[in-house]
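Subject: The model we talked about

Hi,

Here is the structure I promised to pass on. Have a look at it first, and my notes on what I found follow below.

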Amino acid sequence: MKKIIFGIAFIIFFSFLIVSAINMRTFGEPTYSEMDDYFIENAQSETGANNVVTSVVFDYRGFDTLGEATVLFTAVVGVVALFRGVKK
Amino acid sequence: MKEMSRIVKTVTNFVYGFIIIFGFYIIAHGHLTPGGGFQGGAVVGSAFALLLISYGSLNSKKFLKKDILSLFEGFGLILFIVLGFSGLGITFFYNFLANSGGWFGNAAVIGVNPGNMNTGGVIPLMNIAVGLEVLSAFGVIVLTMASAAEFTKKKENS
Amino acid sequence: MIGNLPYVAVVIFVGLGIYTLMFKKNLIKIAIGVVLIENGVNLFLITLGYRKGAIAPIYTYAPSGQAMVLPTPQALTLTSIVIGIATTALILSVAMMIYKHYGTLDTDEVRRLKG
């Protein structure tokens, strides 16, 4: 009984997803791209790096990367603390 | 994990150094070519995993030390935070080395160019810091899980 | 319809992941479902930033005069991939500890408090 209810809910959800995917905007034409055009035009003169993605990651959104590095560090601390009692 | 056959070990001996050099190449050229700290660190971490599964977790303890790796991880994170704070005269994470003429301070040629290693300001240093952190984080995770799996299997058999 | 095929691929990824989360009882399979949803979201972010006929946003030896793909979704996806690896490592570690403690990976068995 539970499986039937779950199955019906899953089918409804999945068909919603499919319909919304088909009705999305056309693939390959971004709607708003002013910020990214600014990055592409000015990244070389402002940060001096050829790779625009790297300059976004480490310069324009450096705070984001700091949080991400902290998450990775915390995950390592969690894994080590989880296996702390396991000797050898 | 038990060690694998002699064929796997020989191939690992051939390939291991090349994978690590390729990973450090990706880290060092992060501001010119596709790649950066995260990707290069992941490549070096996969080399550690290859070493671990071919030599077994007991044998690989001789040349992969967990303490040294976790030291490098803390060092990378602290270097990243210090680099972020040192631009604090203007804003947090300000690129104070770019276009200044000093370290990594040459101005890039606007438009398509073959690339100059001495550009990018603080970005190559941050690539190195994050690369150190990511590769040692992956190494610590893989080593810890492998030694814990060894213990679990031993207890099951007895 | 045929132009929106990448979005349908994203929906298939996310749908398979949610199916795995709803109907499977094994902890390793649940971890695989989480990773599937995560890959679907990453693919969605990359797909949103694509421009037709554009090149990667890197100026080193780039063909001149062509449009470039939006860089911000790629940077966010890079962050998301590393966070996904960290969470996957934590999930698998917790699964290993549960197996060591209870001797099984079935969630129905784990639910009973065996001590």
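C:Y61 is exposed, at a relative accessible area of 64%. (Exposed means over 50% relative accessible area, buried under 20%, and partly exposed in between, with a 1.4 Å probe and protein chains only.) C:Y61 sits in the loop between helix 2 and helix 3 of chain C, and its phi is near 55 degrees, a positive value in a residue other than glycine. Helices here are DSSP runs of H or I with at least four residues, and strands are E runs of at least two, numbered from the N terminus.

Before you go further: this is a predicted model, where local features need pLDDT of at least 70, side-chain atom pairs count only at pLDDT 80 or more, and totals for chains, interfaces and linings use all residues. Residues are numbered from 1 along each chain as its sequence is written, chains are lettered from A and ligands numbered from 1 in the order written, and side-chain values use heavy atoms, with hydrogens and water left out.

B:F93 also has a positive phi, near 60 degrees, and is not a glycine. B:F93 belongs to the loop between helix 3 and helix 4 of chain B. Is B:F93 buried or exposed? With a relative accessible area of 6%, B:F93 is buried.

**Chain C helices**

The expected span is 1.5 Å times one less than the number of residues. At the start of helix 2 of chain C, a side-chain oxygen of C:N26 comes to within 3.2 Å of the backbone nitrogen of C:I28. Buried residues in helix 2 of chain C include C:L27, C:A31, C:G33 and C:E38. What do the buried residues of helix 2 of chain C pack against? Their partners are helix 1 (5-23), helix 3 and helix 4 (107-111) of chain C.

Helix 3 (residues 71-102) of chain C has 32 residues and reaches 47 Å from its first C-alpha to its last, close to the 46 Å expected. Just after helix 3 of chain C comes C:G103, with a positive phi of about 80 degrees.

**Chain A with chain C**

In this interface, 41 residues of chain A are in contact (heavy atoms within 4.5 Å) with 45 residues of chain C. Chain A and chain C bury about 4000 Å² between them, 75% of it on carbon and sulfur atoms. Buried area is the accessible area (1.4 Å probe) that two parts lose on being put together, summed over both. A:F10, A:F27 and A:I40 supply 18% of the area that chain A buries against chain C, more than any other three residues.

How many salt bridges are there between chain A and chain C? The count is 1, and the side chains of C:R51 and A:D37 meet in a salt bridge at 3.1 Å, N to O. (A salt bridge is a side-chain nitrogen of Lys or Arg within 4 Å of a carboxyl oxygen of Asp or Glu.)

**Chain B with chain A**

Here the contact takes 44 residues from chain B and 28 residues from chain A. Together, chain B and chain A bury about 2900 Å², 68% of it on carbon and sulfur atoms. B:F93 turns up again: with B:F38 and B:I123 it supplies 17% of the area that chain B buries against chain A, more than any other three residues. The salt bridge count between chain B and chain A is 0.

**Two buried residues**

A:L72, in helix 4 (residues 62-82) of chain A, counts as buried at 1% relative accessibility. Not counting residues up to four places away in sequence, A:L72 touches B:E133, B:V134, B:A137, B:F138, C:V82 and C:A86.

B:T12 is in helix 1 (residues 6-28) of chain B and counts as buried at 2% relative accessibility. The side chain of B:T12 reaches the backbone oxygen of B:V8 at 2.6 Å. Leaving aside neighbours within four places in sequence, B:T12 is in contact with B:L50, B:L51 and B:S54.

Cheers

Methods:
Polar contact = N/O pair within 3.5 Å; in protein donor to acceptor, adjacent residues only side chain to side chain.
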